[in-house]
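Okay, thanks for having me, everyone.

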Amino acid sequence: LEVLDQVRSQLPELARLAAAFEVMAQADLNEQAVSLIETWVDESQAAKLDAPRQMLMENFARQSGDIERATELNRRILDQVPGKPAALNNLAWLLAIQGATDEAIPLIEQAIDTIGPFPTLLDTRAMVRLAAGDFAGAIEDLEAALDQDESDPMRYHLVLVYLRSGD
């Protein structure tokens, strides 16, 4: 982050923010580093937020645990780019963790209808189904996702579904 800060005037803003968010996703950052990223985010928000900037801001908000902000940004992205699968997926997940499964289900279904049953989309639909109490549907989705991508988070989600279902 220090290097990015030193060369910030030489880098396009989106490239700098994307690199900073990647560092944030890969490492435990101290409070000063997170504060630096937040300053960059605030500066970027002062500019017009197009869809790519909003996607970066949404990623930062979600990783920072600011669920309300991430939800708001996904809605804005979908206003600008209706049907964008990544925003549909992210918004569905965020709504599910807030208990708004009735709104989340059609969003994740639309994403799957648009680009197909990719593992990350099936994982999200499973978490939406779990939040809605549809344990069998969640298990079905996670098993299909794991057939394509045996990732640890998806295995964890499958265990979580079984624990919550009582099976």
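Predicted model: local features only at pLDDT ≥ 70, side-chain atom pairs only at ≥ 80, totals over all residues.

Helix α4 covers residues 51-64 and helix α6 covers residues 85-97, and their axes come within 12 Å and cross at roughly 25°. Under 35 degrees counts as roughly parallel, so α4 and α6 are roughly parallel to each other.

Who is touching whom there? On the α4 side we have M55, E58 and R62, and they meet A86, N90, W93 and L94 in α6. By class, that contact of α4 with α6 comes out as four nonpolar, one polar and two charged residues.

Okay, let me zoom out for a second. The C-alpha trace spans about 55 × 35 × 25 Å along its principal axes. There are 167 residues in the chain, and buried ones make up 42% of them. As for contacts with a separation of 6 or more, 46% are between residues 24 or more positions apart.

Helix α9 is residues 135-148, helix α10 is residues 152-165, and they pack at an angle of about 160° with their axes 10 Å apart. Anything over 145 counts as roughly antiparallel, and α9 and α10 are therefore roughly antiparallel to each other. The crossing of α9 past α10 is left-handed.

If you want to click through this contact, take F135, A138, I139, L142, E143, A145 and L146 from α9. Their partners in α10 are M154, R155, H157, L158, V161, Y162, R164 and S165. Sort the residues of this contact by class and you get ten nonpolar, two polar and three charged.

Helix α10 has another partner, α8. The axes of α8 and α10 come within 11 Å and cross at roughly 20°, and these two helices are therefore roughly parallel to each other. Here too the crossing is left-handed, with α8 passing α10. From α8 you have P119, T120, D123, M127 and L130, meeting M154, H157, L160, V161 and R164 in α10. That contact divides into six nonpolar, two polar and two charged residues.

Let me pick out a residue of α10 that turns up in both of those contacts, H157. Is H157 buried or exposed? With a relative accessibility of 15%, H157 counts as buried. Leaving out residues up to four places away in sequence, H157 touches D123, M127 and L142.

In soluble globular proteins, nonpolar side chains tend to be buried together. In this model the largest nonpolar core has 29 residues, and the members touching the most other members are A92, L107, I108, M127, L130, L142 and V161. Which elements give two or more residues to this core? They are α5 (67-80), α6, α7 (101-115), α8 (119-132), α9 and α10. There's also a second, separate core of ten residues, which includes L17, F21, I37 and L56.

Apart from its neighbours within four places in sequence, V161 is in contact with M127, L130, F135, A138, I139 and L142. Of those, M127 and L130 are in α8, while F135, A138, I139 and L142 are in α9.

Two quick stops before I hand over. A25 is in helix α2, residues 13-26. At 44% relative accessibility, A25 counts as partly exposed. A25 and N59 sit 34 residues apart in sequence, and the C-alpha to C-alpha distance between them is 9.6 Å.

Then there's R76, over in helix α5. R76 counts as partly exposed too, with a relative accessibility of 33%. Compare its spacing to S64: twelve residues along the chain, and 19 Å between the C-alpha atoms.

To recap the packing: α4 and α6 are roughly parallel, α8 and α10 are roughly parallel, and α9 and α10 are roughly antiparallel. That's everything from me, so over to you.

Key: Residues numbered from 1 in each chain as written. Heavy atoms only, no water. Axes fitted to C-alpha atoms, helices over the stretch in contact; angles between N-to-C directions. Helix = DSSP H or I, 4+ residues; strand = E, 2+ residues; numbered from the N terminus. Parallel < 35°, antiparallel > 145°, perpendicular 65-115°, else oblique. Left-handed = near helix turned anticlockwise from the far one by under 90°. Contact = heavy atoms within 4.5 Å. Nonpolar A, V, L, I, M, F, W, Y, C, P; charged D, E, K, R; others polar. Core = buried A, V, L, I, M, F, W, Y, C linked by side-chain atoms within 4.5 Å. Buried < 20%, exposed > 50% of the residue type's maximum accessible area, 1.4 Å probe, protein only.
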